[in-house]
Amino acid sequence: MRVRFAPSPTGSLHIGSARTALYNYLMARRHDGSFVLRIEDTDAARSEARFEQAILDDLAWLGLRWDEGPDVGGAFAPYRQAERGPGYRAAADALRVAGLAYPCFCSQERLDALREAARAAGRPPRYDGRCRALEPTEIERRLAAGEPAALRFAVPPGEVRFDDAIRGPITIAGDAIGDFIVLRSDGMPSYNFAAVVDDGAMAISHIIRGDDHLTNTARQELLRRSLRPGPPAPVYAHHSMILAPDGGKLSKRHGATAVGEYRELGYLPQAIVNYLALLSWSHGDDEVLGLDRLVADFDLAALSASPAVFDLAKLDWLNHRWIMTLDDAEHERLVGERLPGAPAPAVRALAAALKPSLERYGQVPGIAAAVLERPVLDAEARRIAAEAGERLELFAGLRRAAPAPYLDPEAARELLGEYRRLGKERGYGPRDLLMPLRRALTGREHGPELHYVLAALDGGETLARLAAATDPTQGDRP
C-alpha cells in the first residue's frame, strides 16, 4: 500500500486539499502502508519555496506526517518534480518513437482562439488535431530550424474505462479529452504526464483525490497504458468535492478557505481533521473522533460520492468540543498566545472563564478586551453607578482589605460572597449589588462571570475603575 499527496506550491493549502491529504493518510495508516508527499512544482513561474514550506507546516500541524517526501527523503527521491526532469524526457521520447505522441507547433494565440471558439459554441475546449496531420518531413524540418514545439499525446478513438473504489465503473469518451500536452515547448512536463510517470516510478498503489480529477484520470490511464514497460494499474478513488452552503464552489467569498487561515482563526488541528473526515463519511451518533479512531475505522468504500456542504457552525461546535478535552495548562497556553503582554493571572482567569463557551481561540482578544481594557461608560452606566455609589464603595472597601494584587478566581468568588452577605444586611438583593459592579468594571451588562473579571484585574485597576465610575468629573472618559 503506497499512497501519495501531491500539492503544487503555488499557494496556500486549501481546506479541500487538506481533506484529500487526510484520506490518503488514513488509508496508509489503516493498512500499514506508506504516505508519500510529492511536490508538483513544474509550474516554475508560480511555484515558490515559501508556499512549499507553508504546505509542509500545515500538514504537520494537522498531524498528517509523511513517510517519504522532499524534507525526509526516501527510496524514490527526489520528491520534487522540478528535480525529476530526465525521467520525463525519457518517457516522452519513448512515446514519440512509438508514434503515440507528436510535436505541436501551434502558437498560444491559435490555441486561445480555439478555446474561445469552443466556449462560444458551448463545447468543451479541446485541440483540433492540426499538427497531428503534419508529414514527418515537415516536422523534422521545423524542428531542425529551431521552431518551438510542444509534444502532444495522440488520443486513440473510443472510450476510456477504469474502476473507482468509491464510484464503481467509470467511462469517459476519448473525444471529450482531445490530444493533450505531454511536454510543453519549454521542455517542462504537463501535470498529467508528470503525475503518471512519477506514480509509476514511485510504485504508488492507490490514487485518492477529488472527483474534479476524473477527466485527468482518463488522460493518465491512456498514458499509463502507453508507457513501456507500463506500471501496474493503481486503485483509483475519487472522493466528492466540498461545496459552499449556497451550493457553489467553496471560495474566499464564503470565508476562510486555507488551512492556515483556520489556524489563525483559532481552530484546533484535531477539530479540523475530525470535521474534514466526517464530510461524506458518516459515523452515526459518534462525531467527536480523534485521529487514532479515524485510522481504525477508515474504509474507502464507506465514503459517499455525493458532494459535501461545508457547515461552519458544525465546525465551531466540534472545535468547542475539542477545546473542552484540553487540559487546563494547554488551554491556558493557547489563550495566552492570543493575549501577548497580558499578566499571567489575567490569562489564567480568562482562560478559566472562557473554556465552557469558547468556540475558537480567535474570539479570545475581543472577549478579553471587554475585561482588560478600561471601559468608557455611557450615560446610563454612569447613572447606575452614581445611584449605587454606597454599594460600590462597600465593595471597594472589601477589595482594599484583600492584600494580594491579584485574586485567584476562588478568592474572588469568596470576596463577592462577602459583598453579597454585607449587602443583604443593608437590604440589597443580588442584582442590586452585582449589576452596578459589573457595569462599573466593564461598562457592560453581560460578560464572563464576575469573579473571573475580578481575578483578571489587579486590585489597583479594580479600585481605579470603581472610583472613575462614581466620579462626576470623569464624564465619558475612561
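Reader: Which residues of H6 are buried?

Author: This is a predicted model, and in it the buried residues of helix H6 are Asn192, Phe193, Ala194, Ala195, Val196, Val197, Asp198 and Asp199. Buried here stands for a relative accessible area under 20%. Since eight of the 11 residues of H6, which spans residues 191-201, fall in that class, the helix is largely enclosed by the rest of the structure.

Reader: What covers the buried residues of H6?

Author: The cover includes strand E1 (2-5), helix H3 (85-97), strand E7 (180-183), strand E8 and helix H7 (214-226). Just after H6 there is also a backbone detail to look at, for alanine 203 takes a positive phi of about 55°.

Reader: You named E8 as part of that cover. Is strand E8 itself enclosed or open to the outside, and how should I reason about it?

Author: Count its buried residues: five of the five residues of E8, residues 206-210, are buried, so this strand is largely enclosed by the rest of the structure.

Reader: In which sense do E8 and E9 pair, parallel or antiparallel?

Author: The general idea is that strands of a sheet pair through backbone hydrogen bonds, in either a parallel or an antiparallel way. In this case E8 and strand E9, residues 235-239, pair in the parallel sense over five bridges, and isoleucine 208 stands opposite alanine 237 in E9.

Reader: In what order do the three strands of the open sheet lie?

Author: The order is E3-E4-E7, and the pairing is antiparallel. E3 and E7 are the edge strands, each of them pairing on one side only, and the twist from one strand to the next averages 45°.

Reader: How many bridges join E3 to E4, and how many join E4 to E7?

Author: Four bridges join strand E3, residues 101-104, to E4, with tyrosine 102 opposite arginine 152 and proline 103 opposite leucine 151. On the other pairing, three bridges join E4 to E7, where phenylalanine 153 stands opposite phenylalanine 180.

Reader: Which way do the residues of E4 point, and are they buried or exposed?

Author: From strand E4, residues 150-153, Ala150 and Arg152 point one way while Leu151 and Phe153 point the other way, and all of them are buried.

Reader: Now for the helices: how do H13 and H14 pack?

Author: Look at the angle and at the distance between the axes: helix H13, residues 344-354, packs against H14 at an angle of about 120°, with the axes 11 Å apart. That angle makes H13 oblique to H14, and their crossing is right-handed.

Reader: Where is glycine 366 placed, and is glycine 366 buried or exposed?

Author: Glycine 366 lies in helix H14, residues 364-372. With a relative accessible area of 53%, glycine 366 is exposed, because that class begins over 50%.

Terms used. Residues numbered from 1 in each chain as written. Predicted model: local features only at pLDDT ≥ 70, side-chain atom pairs only at ≥ 80, totals over all residues. Heavy atoms only, no water. Helix = DSSP H or I, 4+ residues; strand = E, 2+ residues; numbered from the N terminus. Buried < 20%, exposed > 50% of the residue type's maximum accessible area, 1.4 Å probe, protein only. Axes fitted to C-alpha atoms, helices over the stretch in contact; angles between N-to-C directions. Parallel < 35°, antiparallel > 145°, perpendicular 65-115°, else oblique. Left-handed = near helix turned anticlockwise from the far one by under 90°. Pairing = 2+ DSSP bridges. Contact = heavy atoms within 4.5 Å.
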